[in-house]
Amino acid sequence: MPSSSAPRDRDRERAQARANSKAKQPKGNGLTPEQRRERDARALQEKAARKAARANGGANHGGAL
(Lines give C-alpha, C1' and ligand atoms only; values in the text may rest on other atoms or scores of the structure.)
Protein backbone atom coordinates (compact mmCIF):
# COMPACT_ATOMS: atom_id res chain seq x y z
CA MET A 1 0.00 0.00 0.00
CA PRO A 2 2.66 2.58 -0.82
CA SER A 3 0.17 4.66 -2.78
CA SER A 4 -1.95 5.34 0.32
CA SER A 5 0.90 7.20 2.01
CA ALA A 6 1.51 9.45 -1.02
CA PRO A 7 -1.30 11.92 -0.21
CA ARG A 8 -0.14 12.09 3.39
CA ASP A 9 3.44 12.81 2.32
CA ARG A 10 2.26 15.43 -0.16
CA ASP A 11 0.08 17.08 2.47
CA ARG A 12 2.97 17.04 4.96
CA GLU A 13 5.25 18.71 2.39
CA ARG A 14 2.65 21.37 1.62
CA ALA A 15 2.08 22.07 5.32
CA GLN A 16 5.81 22.34 5.88
CA ALA A 17 6.14 24.76 2.96
CA ARG A 18 3.33 26.92 4.36
CA ALA A 19 4.92 26.93 7.81
CA ASN A 20 8.30 27.89 6.40
CA SER A 21 6.89 30.74 4.33
CA LYS A 22 5.09 32.17 7.37
CA ALA A 23 8.20 31.93 9.53
CA LYS A 24 10.23 33.97 7.05
CA GLN A 25 7.91 36.97 7.25
CA PRO A 26 9.21 39.48 9.81
CA LYS A 27 6.96 41.01 12.45
CA GLY A 28 7.84 44.42 11.08
CA ASN A 29 7.78 46.63 14.15
CA GLY A 30 9.82 44.60 16.63
CA LEU A 31 7.61 45.57 19.58
CA THR A 32 6.96 43.38 22.57
CA PRO A 33 3.31 42.63 23.36
CA GLU A 34 3.45 45.12 26.25
CA GLN A 35 4.83 47.87 24.01
CA ARG A 36 2.19 47.10 21.41
CA ARG A 37 -0.58 47.39 24.04
CA GLU A 38 0.80 50.74 25.22
CA ARG A 39 1.02 52.03 21.65
CA ASP A 40 -2.51 50.93 20.86
CA ALA A 41 -3.92 52.40 24.08
CA ARG A 42 -2.20 55.72 23.37
CA ALA A 43 -3.59 55.75 19.82
CA LEU A 44 -7.11 55.06 21.10
CA GLN A 45 -6.84 57.84 23.68
CA GLU A 46 -5.68 60.30 21.01
CA LYS A 47 -8.50 59.26 18.72
CA ALA A 48 -11.08 59.71 21.50
CA ALA A 49 -9.63 63.13 22.35
CA ARG A 50 -9.85 64.24 18.70
CA LYS A 51 -13.42 63.00 18.47
CA ALA A 52 -14.39 64.82 21.68
CA ALA A 53 -12.71 68.03 20.49
CA ARG A 54 -14.56 67.81 17.18
CA ALA A 55 -17.87 67.21 18.95
CA ASN A 56 -17.34 70.17 21.30
CA GLY A 57 -16.12 72.43 18.51
CA GLY A 58 -19.00 71.56 16.22
CA ALA A 59 -21.63 72.27 18.90
CA ASN A 60 -20.22 75.76 19.57
CA HIS A 61 -20.16 76.80 15.91
CA GLY A 62 -23.66 75.68 15.05
CA GLY A 63 -25.60 77.21 17.94
CA ALA A 64 -24.54 80.89 17.65
CA LEU A 65 -27.56 82.08 15.64
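Mentor: A residue counts as exposed when its relative accessible area is over 50%, as buried when that area is under 20%, and as partly exposed in between. The model under discussion is predicted.

Trainee: Is Arg37 exposed or partly exposed?

Mentor: The side chain of Arg37 takes part in a salt bridge with Glu34. The relative accessible area of Arg37 is 51%. Because the cut-off is over 50%, Arg37 counts as exposed.

Trainee: How many helices and how many strands does the chain have?

Mentor: Helix α1 covers residues 2–24, and helix α2 covers residues 33–62. The count for the chain is 2 helices and 0 strands.

Trainee: What percentage of the residues counts as buried?

Mentor: The chain exposes about 6200 Å², of which carbon and sulfur atoms supply 54%. To count as buried, a residue must have under 20% relative accessible area. Of the 65 residues of the chain, the share that counts as buried is 0%.

Trainee: Which residue forms a salt bridge with Arg12?

Mentor: Side chains of opposite charge can pair when their charged atoms come close. In the pair formed by Arg12, the closest N and O atoms are 3.3 Å apart. The partner is partly exposed at 33% relative accessibility, and the residue is Asp9.

Trainee: What is the N to O distance in the salt bridge between Arg39 and Asp40?

Mentor: Arg39 is partly exposed, with 34% relative accessibility. Asp40 is also partly exposed, at 36%. Their side chains meet at an N to O distance of 3.2 Å.

Trainee: Which residues form the positive surface patch?

Mentor: One of its members, Lys51, is placed in helix α2. Lys51 is exposed, because its relative accessible area of 59% is over 50%. The patch is formed by Lys47, Arg50, Lys51 and Arg54.

Trainee: With which residues is Arg36 in contact, leaving aside its neighbours within four places in sequence?

Mentor: Arg36 lies in helix α2. Its relative accessible area is 25%, so Arg36 counts as partly exposed. With neighbours within four places left aside, Arg36 is in contact with Asn29 and Leu31.

Technical notes
Residues numbered from 1 in each chain as written. Predicted model: local features only at pLDDT ≥ 70, side-chain atom pairs only at ≥ 80, totals over all residues. Heavy atoms only, no water. Helix = DSSP H or I, 4+ residues; strand = E, 2+ residues; numbered from the N terminus. Buried < 20%, exposed > 50% of the residue type's maximum accessible area, 1.4 Å probe, protein only. Areas by Shrake-Rupley, 256 points an atom, 1.4 Å probe, with all protein chains shown as cover. Patch = residues over 30% accessible without salt bridge, like charges linked within 9 Å, V, L, I, M, F, W, Y side chains within 5 Å. Salt bridge = Lys/Arg side-chain N within 4 Å of Asp/Glu carboxyl O. Lys, Arg positive; Asp, Glu negative; His and termini not counted. Charge placed at Lys NZ, Arg CZ, Asp CG, Glu CD. Contact = heavy atoms within 4.5 Å.
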